[in-house]
Amino acid sequence: MNSSSLQVSWQWLSILGLVIFFFTITSVSSTQPNLLRLSIRSQKLLREPATFSESVSEDFQTFYYNQTLDHFNYRPESYTTFEQRYVMNFKYWGGDNASAPIFVYLGAEADLDYDLPAVGFLTDTAPQFKALLVYIEHRYYGKSIPFGSRKEAFKDASSLGYFNSAQAIADYAEVILYLKRKLLAENSPVIVFGASYGGMLASWFRLKYPHVALGALASSAPILYFDDITPQNGYDSIVTKNFREGSESCYRTISKSWYEIDRVASEPNGLSILGNKFRICDQLNNSGELKEFLERTYRIAAQYDSPPSYPVSMVCGGIDGAPEGNDTLSRVFAGVVALRGKFSCYNTSNTTDYPIETIEGWNWQTCSEMVMPMGRGDNDTMFPPAPFNLTAYSRDCTSLYGVPPRPHWVTSYYGGHDIELILRRFASNIIFSNGLRDPYSVGGVLKNISHSVVAIITVNGSHCLDIRGATSTDPEWLVMQRKAEVEIIEGWIAQYYADLHAITKLNDHV
């Protein structure tokens, strides 16, 4: 894979883990808050440097698998195929003769090029395990597009109907089994890794395909943010908690800014006044556009509130550090500048934070099966009220795609209710890792379910921080979190080798 192309494509953000939950063209902000895409980092906004060095990128080779369009039907059109991209790194692999492990990263809602630089945990740990590294791109993203082109693939609900998580993890199973056969590595144990939405896929993959994957590390995977399992206001409650802990005065300024925005907007030429105060590039059509822009700014700061920059502190430093006498909205704007940087003007569209390809894909997914009911009431967060309304949500999705969402399908197909009781006996070898400063952690598994379905949490951790590459500035608690994850995976693989040896020895004597 060309390293320069990787670094160029990495400039918008560092993948997987959150797009604005809703639409660029048809807004449904009235039915659901302006939530973020499930992604590892938000590098475009936070201006984080790429860490994927040229020497490392040269170790990666790109391949394509002739993937089946529909794994669950036997109609003639189901046998249509498309090219699915995957990337491999053989540098550390101990080989098939040693039954050395295979670490597989399950791509999420982004081009695979954006994932590779972010998931440094795999390349950091591969030498210790002598592991082969495989990264598989999610269907309908990047270069893994059915029907020959994005235009055809996204034409309507008929072509988008094959775009769902069940088809995606079936894709992963096909690629993994193909590679094990091709490499004569049938006895090599497979560990799958995923982050955010990809973390959901990793945990669900282990549950649905235990014969393919020995174990799974699911980083920041909010698998319980469906139906009524998690409080609707959970996400924004943690955003609020992070800001309030950072600075009480910052929290109070943000809380009262929404009224000020509406007050100014109601005045003659109010929208122009707001646009000038916040240096908005285009004319505001309503105050909601500005409020959504600010909400997204605060959520990104909270979700990725990690060392060394600590974005929440950056925002609050700007707000609290504004010159004495500045009004509320001037202080809020100072917080925007502190996080986003100084520019001649600011674009309120979510397309400035995320590529349109990812927005379009995630829009479909959240309007079909990934219905995460997030809302908030009066005075329960630092944001204005925005209750979740499933009826309005379904209406807007139907208007956009011609088909309604299936809001309960995820829990019907993968489970979620009574997870402690169900998974205690049924599941094994899953790590759910979460940082409690991540707003999505409220929908994650936060306590051990059994001796092998375990939760590793860090009080100060943020979204998907553990699966990113180690740096010299990592705090001790993060170093210890990764160490604990490695030790658990070591145990899984050691037990697998012991079982393999015992069964082989027994068969040799038959």
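Let me start with Asn-164, which is found in the loop between helix H7 (157-160) and helix H8 (165-182), where helices (H or I, at least four residues) and strands (E, at least two) are DSSP runs, numbered from the N terminus. This is a predicted model, in which local features need pLDDT of at least 70 and side-chain atom pairs count only at pLDDT 80 or more, while totals for chains, interfaces and linings use all residues. Residues are numbered from 1 along each chain as its sequence is written, and side-chain values use heavy atoms, with hydrogens and water left out.

Asn-164 counts as buried because its relative accessibility is 18%, given that buried means under 20% relative accessible area, exposed over 50%, and partly exposed in between (1.4 Å probe, protein chains only).

Turning to the chain as a whole, we have 20 helices and eight strands, and buried residues make up 59% of the 510 residues. The accessible surface comes to about 20,100 Å², with 52% of it belonging to carbon and sulfur atoms; these areas come from the Shrake-Rupley method with a 1.4 Å probe, and for residues only the protein chains shown count as cover.

What is the volume of the largest cavity? The value is about 30 Å³, where a cavity is a set of points, on a 1 Å grid over the protein atoms alone, at which a 1.4 Å probe fits but cannot get out, and lining residues have an atom within 4 Å of a point. Grid points are joined across faces, edges and corners, and the volume is the space filled by probe spheres set on the points. The lining includes Ser-220, Asp-466 and Gln-481, and its largest share, three residues, comes from strand E7 (residues 430-435). By class, the lining has two nonpolar, eight polar and one charged residues, with Ala, Val, Leu, Ile, Met, Phe, Trp, Tyr, Cys and Pro counted as nonpolar, Asp, Glu, Lys and Arg as charged, and the others, Gly among them, as polar.

Beyond strand E7, Val-442 sits in the loop between E7 and strand E8 (453-458), and it counts as partly exposed because its relative accessibility is 25%.

Next, the rings: a search of the whole structure finds 28 aromatic pairs, meaning rings of Phe, Tyr and Trp (its six-membered ring) with centres within 6.5 Å. Ring pairs link Phe-103, Phe-121, Phe-129 and Phe-193 into a cluster. Arg-299 lies over the face of Phe-383, at 4.6 Å from the ring centre, the criterion being NZ of Lys or CZ of Arg within 6 Å of the ring centre and within 35 degrees of the ring normal.

Finally, the backbone: most residues other than glycine have a negative phi, and most peptide bonds are trans. The peptide bond from Pro-307 to Pro-308, however, is cis, with omega near 0°. Ser-99 has a positive phi of about 50° and is buried at 11% relative accessibility, whereas Asp-418, also with a positive phi of about 50°, counts as exposed at 57%.

Methods: On a 1 Å grid over the protein atoms alone, a cavity is a set of points where a 1.4 Å probe fits but cannot get out, and a pocket is an open set with protein on both sides within 12 Å along at least five of seven lines; lining residues have an atom within 4 Å of a point. Rings of Phe, Tyr and Trp (its six-membered ring) pair if their centres lie within 6.5 Å; planes under 30 degrees apart count as stacked, over 60 as edge-to-face and the rest as tilted.
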